[in-house]
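Hi,

Here is the structure I said I would pass on.

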Amino acid sequence: MNGRAPTHTHTHTAHPAVKAFVCGSFSGTCSTLLFQPLDLVKTRLQTSQSGMQPGSSRVGMTSVLLGVVRTERLLGLWKGSSPSFVRTIPGVGIYFSSYHSLKQHFFQDSRPGAAQAVMLGGGARTVAGVVMLPITVIKTRFECGRYSYVSVSGALRSVCRSEGPAALFSGLMATLLRDVPFSGIYVMFYSQTKALLPLSPSAPVANFSCGVLAGVLASLVTQPADVVKTHVQVNPQLRTTKAVRHIYTAHGLQGFFRGAVPRCLRRTMMAAMAWTVYEQMMAHVGLKS
């Protein structure tokens, strides 16, 4: 021993969970700003009323993009940014601080195995998902273009007045069915692929590539739940089981994979970026992520 104090007794006196929250919030801000247009396109694709005959030209990602730019100008692609920020900044912060606290509590020094990684990711996401659900509902409605809300607070008031506060928790089942497996699968693939890499595991390139791989796999598995969640949150009178039936009768099995490309791109890039920025910052403030 050379008598130096270990790195984690750092000059920063903030609690580790607070540091994890700050690092998570910062990484969430960067990724939301970059990838919001993909989220908007995904929501529009999932809620587009295609009463088209089978075989007629399908509404694709590019036609939705161009349509939004044509009718709502380029900035229209960032519609729903304000609820996205209100959701992502505390949401990603809550997620990473829950993740860090759970990891410290259950696995001080050991490396979590595959099943434990699923539990860790899923547990942290459950906490963040439930807390941030009202903002998620507002964000989905902003993006679908059917509601003319002006601000996040105005939208919250309007929903409480016209539909009652319960509407702010619409799609809770579908959201948890989508986010908890996504996060569990993601953390598992991410930690397992990182353990296999010959690179130094803290290299940003290693973090990012593991993140991309984990994101694609987790996105595809949870895509049907995402479509159901969007329908339930845009049409509050739909229950989860009714929404599943409605999507199936209107669009068949492929209806559950509408918006898969923009969502896969966005979720993958956002998660990979969030984890890379988070791990770099955590290393910077002297904590093991």
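Helix α1 is mostly covered, with 23 of its 32 residues buried. Buried here means under 20% relative accessible area, while exposed is over 50% and partly exposed is in between, using a 1.4 Å probe and protein chains only. Helices are DSSP runs of H or I with at least four residues, strands are runs of E with at least two, and both are numbered from the N terminus.

Before going further, keep in mind that this is a predicted model: local features need pLDDT of at least 70, side-chain atom pairs count only at pLDDT 80 or more, and totals for chains, interfaces and linings use all residues. Residues are numbered from 1 along each chain as its sequence is written, and side-chain values use heavy atoms, with hydrogens and water left out.

Back to α1, which covers residues 16-47 and bends by about 55° at Phe35. The bend is the angle between axes fitted to the seven residues ending at a residue and the seven starting there. A proline, Pro37, follows within four residues. Thr43 also sits in α1, and Thr43 is buried because its relative accessible area is 1%. If you skip neighbours within four places in sequence, Thr43 is in contact (heavy atoms within 4.5 Å) with Thr140, Glu143, Cys144 and Thr230.

Next, have a look at α4 (residues 114-144) and α5 (residues 152-163), which pack at an angle of about 100° with their axes 10 Å apart. The axes are lines fitted to C-alpha atoms, for helices over the stretch in contact, and angles run from 0 to 180 degrees between N-to-C directions. So α4 is roughly perpendicular to α5, a label for 65 to 115 degrees; under 35 is roughly parallel, over 145 roughly antiparallel, and the rest oblique. On the α4 side the contact uses Pro134, Ile135, Ile138, Arg141 and Phe142, and on the α5 side Val152, Ala155, Leu156, Val159 and Glu163. Those residues divide into eight nonpolar, no polar and two charged.

Also in α4 is Gly121, which is buried with a relative accessible area of 0%. Gly121 lies 63 residues from Gly184 in sequence, yet their C-alpha atoms are 4.3 Å apart in space. Gly184 is among the contacts of Gly121 beyond four places in sequence, along with Tyr95, Ser183 and Val187.

Finally, the cysteines: the structure holds zero disulfides, a disulfide being a pair of cysteine sulfur atoms within 2.5 Å. Cys210 is buried at 5% relative accessible area, and Cys264 is buried at 15%.

Cheers

Conventions: Ala, Val, Leu, Ile, Met, Phe, Trp, Tyr, Cys and Pro count as nonpolar, Asp, Glu, Lys and Arg as charged, and the others, Gly among them, as polar.
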